[in-house]
Amino acid sequence: MGKPPLHPMNTTDALHDGEQSLRIPSLPAAVVKLNELVRDPNVGVMEIGEALGEDPELSMRVLRIANSTMFGLPTTVLDPCHAASILGINRLRSIVIQAGTIGVYGTKSLRKDMEMSTHWRHSILTAHICRTIAGKSPRTDLMDPAELHTAGLLHDMGRAILLDNVREKYLEVSAAAKRDGVPLTEAEREAFGVNHAQIGAKVVLAWDLPRNLAQAIAFHHEPWRVAKALPSAIVIAVADRLAHAVATNDLARMPQVAERRDLRFLGLGMGHLLTVATNAILAWKAIEL
Ligand SMILES: [Fe+2]
Ligand SMILES: [Fe+2]
């Protein structure tokens, strides 16, 4: 693993997992601070907006995301405090995390890196779909839609970490898995001793994000193992599959995107899923990195 990372990010401590020692990016200081403020019940929305305003670059990215058609806000948000008051704490936090995590890869170099930009486009779309499904499902025991947005955004973070650390080998392993019809998580375990879902969960914990987020990410390829205790895992798995179907323009796969038991579990019908899919097609076109 001698090669330097492709992306000019700051790295925090490495993840030691099996035979792997993987560098993980550190979240920008402003995101860490905002995360702490959000957890403090004595801190209000305005204070959070003001804290965000202290980092002009992050604020700009947050405003761009908040004003994108994907969020469909009724009004244009003009500055961090305005964003905080319109979005509320949870939604603002999910956008700050999106701006912060993508930002660590440096948007300029990200656009030139096809695999990494494909990864983030898929992640942003999955986040969007998670949020939409959460809004439609009558279940009351799902995570908050904003938290589900973050789970969707970070569900494949382990892939970004592998791409960044062991790029050539990872591309080889993923291509071979696809060619041979082997599940990617199995191929990853075989090659690296750990799969991207497990790495993603560890990154989320290293970033001090909620435990249930890490757990849902750890099981996003086998959600039924945890569905009873963590129903949001089913949302992430369905959103992940739908995001792939939208990106490859393969909506004929809809019955595989959500099996009957997934829909029943979420209290949704095929009609709901088609509405979510139509919305996702529009969102896919609107994604900008
Ligand atoms: Fe995945
Ligand atoms: Fe995915």
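Two residues are in contact when their C-beta atoms, placed from the backbone, lie within 7 Å. Keep that idea in hand as you look through these close-ups of a predicted model.

**Figure 1. V235 and the residues it touches.** Setting aside residues up to four places away in sequence, V235 touches C130, I133, A134, L142, L148 and L266. V235 also belongs to the largest nonpolar core, which has 82 residues. Within this core, C130, I217 and V235 are the residues that touch the most other members. Helix 13 (residues 232–247) supplies the largest share of the core, with 10 residues. Where does the core lie relative to domain 1 (24–104) and domain 2 (107–289)? Both domains give residues to this core, so it lies between them.

**Figure 2. Helix 1 packed against helix 2.** Here is a friendly starting point for reading any helix pair: two packed helices are described by the angle between their axes and the distance between the axes. For helix 1 (residues 29–39) and helix 2 (residues 45–53), the angle is about 170 degrees and the axes are 10 Å apart. Angles over 145 degrees count as roughly antiparallel, and helix 1 and helix 2 are therefore roughly antiparallel to each other. From helix 1, the residues A30, K33, L34, L37 and V38 meet E47, I48, A51 and L52 of helix 2. Sorted by class, this contact of helix 1 with helix 2 holds 7 nonpolar and 2 charged residues, and no polar ones.

**Figure 3. Helix 2 packed against helix 4.** Now follow helix 2 to another partner, helix 4 (residues 80–103). Their axes are 8 Å apart and pack at an angle of about 85 degrees, which makes helix 2 roughly perpendicular to helix 4. On the helix 2 side you can look for V45, M46, I48, G49, E50, L52 and G53. In the contact of helix 2 with helix 4, 11 residues are nonpolar, 4 are polar and 1 is charged.

**Figure 4. L163 and its surroundings.** L163 sits in helix 8 (residues 157–165). Is L163 buried or exposed? It has 23 C-beta neighbours inside 10 Å, so L163 counts as buried. Apart from neighbours within four places in sequence, L163 is in contact with E115, M116, H119 and Y170.

How values were computed:
Residues are numbered from 1 along each chain as its sequence is written. Chains are lettered from A and ligands numbered from 1 in the order in which they are written. This is a predicted model: local features need pLDDT of at least 70, side-chain atom pairs count only at pLDDT 80 or more; totals for chains, interfaces and linings use all residues. A nonpolar core is a set of buried Ala, Val, Leu, Ile, Met, Phe, Trp, Tyr and Cys residues joined through C-beta atoms within 7 Å. A residue is buried if 20 or more other C-beta atoms lie within 10 Å of its own, exposed if 12 or fewer, and partly exposed in between; C-beta atoms are placed from the backbone. Helices (H or I, at least four residues) and strands (E, at least two) are DSSP runs, numbered from the N terminus. Domain bounds come from an automatic or database domain assignment. Axes are lines fitted to C-alpha atoms, for helices over the stretch in contact, and angles run from 0 to 180 degrees between N-to-C directions. Angles under 35 degrees count as roughly parallel, over 145 as roughly antiparallel, 65 to 115 as roughly perpendicular and the rest as oblique. Ala, Val, Leu, Ile, Met, Phe, Trp, Tyr, Cys and Pro count as nonpolar, Asp, Glu, Lys and Arg as charged, and the others, Gly among them, as polar.
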